[in-house]
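Here's a quick tour of a helix pair and a ligand site. Have a look at the model before reading on.

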Amino acid sequence: MRYEGTNAVVIGGTHGMGLATAKMLVEGGAKVLVTGRNGKNVEDARRELGTEAHVVRSDASDMSDIALLAAVVGQKLGRIDFLHVNVGVAELEPFEQVTEASYDRQFNVNTKGAFFTVQRLSPLIRDGGSIVMTSSVADEGGEAGMSVYSATKAALVSFASGFAVELLGRGIRVNVVSPGFIKTPTKGVAGLSAEEREAFEKIGNEVTPMKRHGTPEEVARAVLFLAFEATFTTGAKLAVDGGLGQKIAAPQ
Ligand SMILES: NC(=O)c1ccc[n+]([C@@H]2O[C@H](COP(=O)([O-])OP(=O)(O)OC[C@H]3O[C@@H](n4cnc5c(N)ncnc54)[C@H](OP(=O)(O)O)[C@@H]3O)[C@@H](O)[C@H]2O)c1
């Protein structure tokens, strides 16, 4: 099997694209540890991934959880081949309505949490292993209602470049996957009502040059390409966005 004998950790893998990536890894024979914060989602992922996966409740915005997670990963898997920092939250609000609390929620997960997760878990990655971090098409340019989220992801891309340089000596590659509109249960946005989700989806299908949403599996394939096959690629960002962030015109 493709990933037989490898160990992988997916931070934020209980649903959506992180779960799709974890499933492909398990199906390929890898041993996987997945994290999530919501208890019910953790239970659901346990059932879905089966006994080959460890599903651990761990809050990526909590420094003591991150420290504990490093110990748990060491105990359950030992050395790891691949760390996927997929976790992220978005709160859509015009910048005038941003509060200190919503600002902190997004930066604490997407940026601070991602940074310290890599800092704490990278000693467990074997030399020659890899890291993939999930950004967003919104990490460049300006989008209404996304000023804070966009900035969290822009910082994440910058971190990935820094990690790529600092981990070169250990042969660890660090890359970024940058999704556009992807059909996941939450759409990556906190607290959307069913109507808001539907409206958001409609916009995504209209503005994306390929005129559709991507699937979690399409992102997972890109993540696993960067993780295991792109052996001469580090410090790079791969867009999986149906052309949305690219310099191509949408068909009329
Ligand atoms: N969906 C999109 O269209 C889209 C587009 C561009 C970028 N992205 C980015 O892609 C990534 C995945 O998005 P998604 O839509 O698949 O799912 P998501 O709703 O962003 O959730 C992904 C995972 O993160 C976990 N999570 C959230 N907050 C956490 C925390 N504080 N600690 C630990 N785990 C936490 C979730 O578990 P719980 O539910 O248990 O908390 C879930 O397992 C995110 O980084 C997102 O920003 C998404």
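## Ground rules

Helices are DSSP runs of H or I with at least four residues, numbered from the N terminus. Axes are lines fitted to C-alpha atoms, for helices over the stretch in contact, with angles running from 0 to 180 degrees between N-to-C directions.

The model is predicted, so local features need pLDDT of at least 70 and side-chain atom pairs count only at pLDDT 80 or more, while totals for chains, interfaces and linings use all residues. Residues are numbered from 1 along each chain as its sequence is written, and side-chain values use heavy atoms, leaving out hydrogens and water.

## The α4/α5 pair

Helix α4 (residues 100-121) and helix α5 (residues 147-166) have axes that come within 9 Å and cross at roughly 10 degrees. That makes the two roughly parallel, a label for angles under 35 degrees.

Contact here means heavy atoms within 4.5 Å. On the α4 side the contact includes Y103, F107 and F115, and they and their neighbours meet α5 residues including Y149, L156 and F163. The contact residues split into 12 nonpolar (Ala, Val, Leu, Ile, Met, Phe, Trp, Tyr, Cys and Pro), 4 polar (the others, Gly among them) and 1 charged (Asp, Glu, Lys and Arg).

## The ligand site

Around the ligand sit 31 residues, each with a heavy atom within 4 Å of it. T14, N38, N86, T184 and T186 come nearest. By class, the shell has 9 nonpolar, 18 polar and 4 charged residues.

Key: Parallel < 35°, antiparallel > 145°, perpendicular 65-115°, else oblique.
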